[in-house]
Amino acid sequence: MCYCTSSRTVGRSFPRVDGYKYCPFCQTKLILLESGQKPRQTCPGCGFTQYKNPSPVISVIIADKDRILLGKRIGSPGAGKWAIPSGYIEYEDDFISTAILEAKEETGLEIEITSILNVISSFVSPSFHFLAIYLEARVLGGKLIARDDLEDAKWFSVSGPLPEMAFQEDVDALEMYAKKEVTGLPVDQRYARQVNKNRESW
Ligand SMILES: [Zn+2]
């Protein structure tokens with residue numbers, strides 16, 4: 001659950017959107033058909049249609065006074081460069097809980113999401129199109145340690161200089177954040193399933 005192919009998949013390419021040639025349900029060869037004014041891979045056997053959608057990810061600006069936390073990435077894209085901690089949202093998770101779990105997994109820190117800062121369509125490559133939700137968080141506890149998909153994690157001054165960054169989107173988001181050009185929106189914690197364990201959505 002990270003904003004990359006993991007260390008286990010370095011060097012291999014996993015197309016996220018155009019991978020199916022045969023129906024995943026009935027194994028019939030897919031054909032291109034018009035659907036919603038776009039050609040889409042469609043199954044003539046059972047009617048399955050393969051839609052191409054961007055992948056929602058969360059990016060968490062963990063702030064402590066005038067410092068922000070960055071991680072040095074192990075996996076691609078952006079291996080060996082620095083980025084805002086981020087991760088894919090698993091189907092059974094909400095974005096708030098994902099951010100909290102991702103921060104814990106990658107940095108060892110317990111955080112609280114304080115606001116929604118920005119949403120960016122991130123066209124990294126034809127195989128990687130993310131809808132990145134930028135959140136602001138503060139540290140509640142834990143001990144900083146880089147792990148999971150990070151080889152290092154450090155605090156940097158929000159006003160820079162920044163280390164070599166993996167994604168221009170992160171640079172732009174931090175620039176806006178440093179200049180206080182964005183005002184965060186409140187987060188509705190009622191929809192955080194891990195935080196609010198009594199809430200059942202299905
Ligand atoms: Zn089928």
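This is a short walk through a predicted model, starting at the zinc site and moving on to the strands.

First, the metal. The zinc ion is held by the SG atoms of Cys23, Cys26, Cys43 and Cys46, at 2.3 Å. Along the chain, these donors are spaced as C-x2-C-x16-C-x2-C.

What is the arrangement of the four donor atoms around the zinc ion? The angles they subtend run from 95 to 121°, so the arrangement is tetrahedral. For reference, the ideal angle for four tetrahedral donors is 109.5 degrees.

Cys26 has a relative accessibility of 30%, so it counts as partly exposed. Cys46 has a relative accessible area of 46% and is also partly exposed. The cut-offs behind that are under 20% for buried and over 50% for exposed.

Now to strand S3. Eight of the 10 residues in S3 are buried, so the strand is mostly covered by the under 20% criterion. S3 has several pairing partners, and I will take them in turn.

With S8, strand S3 runs parallel, and nine bridges join the two.

With strand S6, residues 86-88, strand S3 runs antiparallel, joined by three bridges. Here Ser59 stands opposite Ser86 of S6.

With strand S4, residues 67-73, the pairing of S3 is antiparallel again, over two bridges. Ala63 has Ile68 in S4 as its bridge partner. S3 and S4 make a hairpin with two residues between the strands, and in that hairpin Lys65 takes a positive phi near 55°.

Which way do S7 and S8 pair, and over how many bridges? S7, residues 109-125, and S8, residues 128-142, pair in the antiparallel sense over 14 bridges. In that pairing, Ile111 has Val139 of S8 as its bridge partner. S7 and S8 also form a hairpin, with two residues between them.

To put the strands together: S8 pairs with S7 in the antiparallel sense, and S8 runs parallel to S3. S3 in turn runs antiparallel to S6 and pairs in the antiparallel sense with S4. That is where I will stop.

Technical notes: Residues numbered from 1 in each chain as written. Predicted model: local features only at pLDDT ≥ 70, side-chain atom pairs only at ≥ 80, totals over all residues. Heavy atoms only, no water. Pairing = 2+ DSSP bridges. Helix = DSSP H or I, 4+ residues; strand = E, 2+ residues; numbered from the N terminus. Donors = N, O, S within 2.8 Å, 3.2 Å for Na, K, Ca; no water. Tetrahedral: all angles 85-135°; square planar, octahedral: opposite > 155°, others 65-115°. Buried < 20%, exposed > 50% of the residue type's maximum accessible area, 1.4 Å probe, protein only.
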